[in-house]
Amino acid sequence: MEDKKVALITGGSRGIGKACALELAKAGCDVIINYAGNEEAANKTVEELKALGSNAKAIKFDVSNQELVENAIKQIIDEYKKIDILVNNAGITRDGLFMRMSAQNWLDVINTNLNSAYYVSNPVAKIMIKQRSGVIINMASISGIYGNAGQANYSTAKAGLIGMTKALAKELASRNIRVNAVAPGFIQTDMTKDLPQEQIIERIPLKRLGEPEDIAKTVKFLALDTTYITGQVIGVDGGLVI
Ligand code: NAP
């Protein structure tokens, strides 16, 4: 029997990351989810993953702390021996008009949404290079493509992730590692629950917010169903152009 694929999903305990974890578990992967602090949500997700037959585990670490990330990757390799799929999904918002944006809110978003992708992908790419195979998927956003007023920090981080996706795709292709980004529009999660939903829906051609599962299906497609897509940014946004 072929070895089960091992997937690491940062911020996999809630929202989009959780839906990705469940979708990959349904497809037969062993899934490691990372989270920042909400242990209850993480434990619940692990139970759901195990019920799907996944050898699942939750690991708490702050993706914006390089030392903690490196220790966690070592721990994962000791236990699982490989990482086939990495989804850089953990992210936060600290929205506000640029003129009033504090340096802390700028740095928190850049560190958690962008620098984290370096901290996690760098050791994982080394492992994938040795394996001569792997898939990296970065969770970007339409804000990183079009820019969004009130989200200069977030748009910058997500645009950076897209640049990283395209550069890494070229660098790692010869080692059989594919790197793509998914750019969600407005998806129904804790991150968007306080936004004015009716006003947003008016602007979405498909007339609904996305569900986390809409993103998860795309992640599963990029991770497991395709073999010839790399360096792409797939918009999953109901047709919205912001
Ligand atoms: P969410 O529901 O707020 O979940 C965020 C997840 O990230 C949680 O698992 C959280 O862990 C984890 N996390 C946050 N900061 C972390 C840190 N420093 N270290 C480790 N884990 C951390 O968010 P979501 O809406 O699912 O968003 C997931 C990704 O999609 C983000 O990158 C976001 O920018 C992107 N995105 C979302 C939307 C949308 O409309 N929702 C649109 C475009 C892009 P805890 O549970 O422990 O806090």
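Start with the salt bridges. The count comes to eight, where a salt bridge is a side-chain nitrogen of Lys or Arg within 4 Å of a carboxyl oxygen of Asp or Glu. A caution before going on: this is a predicted model, so local features need pLDDT of at least 70 and side-chain atom pairs count only at pLDDT 80 or more, while totals for chains, interfaces and linings use all residues. Residues are numbered from 1 along each chain as its sequence is written, and side-chain values use heavy atoms, with hydrogens and water left out.

Here is one of the bridges. Lys4 pairs with Asp30, and the closest N and O atoms are 3.2 Å apart. Lys4 sits in the segment before strand E1 (6–9) and Asp30 in strand E2, so this pair ties together parts 26 residues apart in sequence. For element names, helices (H or I, at least four residues) and strands (E, at least two) are DSSP runs, numbered from the N terminus. How covered are the two partners? Asp30 is buried, at 10% relative accessibility. Lys4 is partly exposed, at 32%. The cut-offs: buried is under 20% relative accessible area, exposed is over 50%, and partly exposed is in between, with a 1.4 Å probe and protein chains only.

Next pair. Glu48 and Lys18 meet in a salt bridge at 3.0 Å, N to O. Glu48 is in helix H2 (residues 39–51) and Lys18 in helix H1, 30 residues apart. Lys18 is buried at 17%. Glu48 is partly exposed at 27%.

Then Glu79 with Lys57, at 3.1 Å, N to O. Glu79 is in helix H3 and Lys57 in strand E3 (residues 57–60), so parts 22 residues apart in sequence are tied together. Both ends are partly exposed: Glu79 at 43%, Lys57 at 24%. One more point on these bridges: shared partners join Lys18, Lys44 and Glu48 into one network.

Now the empty space. Rolling a probe the size of a water molecule over the atoms shows where such space is left. The terms first. On a 1 Å grid over the protein atoms alone, a cavity is a set of points where a 1.4 Å probe fits but cannot get out; a pocket is an open set with protein on both sides within 12 Å along at least five of seven lines; lining residues have an atom within 4 Å of a point. Grid points are joined across faces, edges and corners, and a volume is the space filled by probe spheres set on the points.

The largest pocket holds about 1,100 Å³. Its lining has 45 residues, and Gly91, Ile92, Thr93, Thr189 and Met191 are the closest to its centre. Which element gives the most to that lining? H1 does, with three residues. By class, the lining has 19 nonpolar, 19 polar and seven charged residues. Here Ala, Val, Leu, Ile, Met, Phe, Trp, Tyr, Cys and Pro count as nonpolar, Asp, Glu, Lys and Arg as charged, and the others, Gly among them, as polar.

The second largest pocket holds about 240 Å³. It has 13 lining residues, with Lys5, Gly134, Val135, Arg178 and Ala223 nearest its centre. H8 has the largest share, three residues. The classes are four nonpolar, five polar and four charged.

How many cavities reach 30 Å³ or more? The count is one. The largest cavity has about 70 Å³ of space. It is lined by 13 residues, and Asn88, Asn89, Ala90, Asn113 and Ser116 lie nearest its centre. H4 gives the largest share, five residues. The lining has six nonpolar, six polar and one charged residues.

Last, some backbone points. Most residues other than glycine have a negative phi. Lys81 has a positive phi of about 75°. Lys81 lies in the loop between helix H3 (66–80) and strand E4 (85–88), and is exposed at 63%. Arg132 also has a positive phi, about 60°, in the loop between H4 and E5.

That's the tour. Questions, please.
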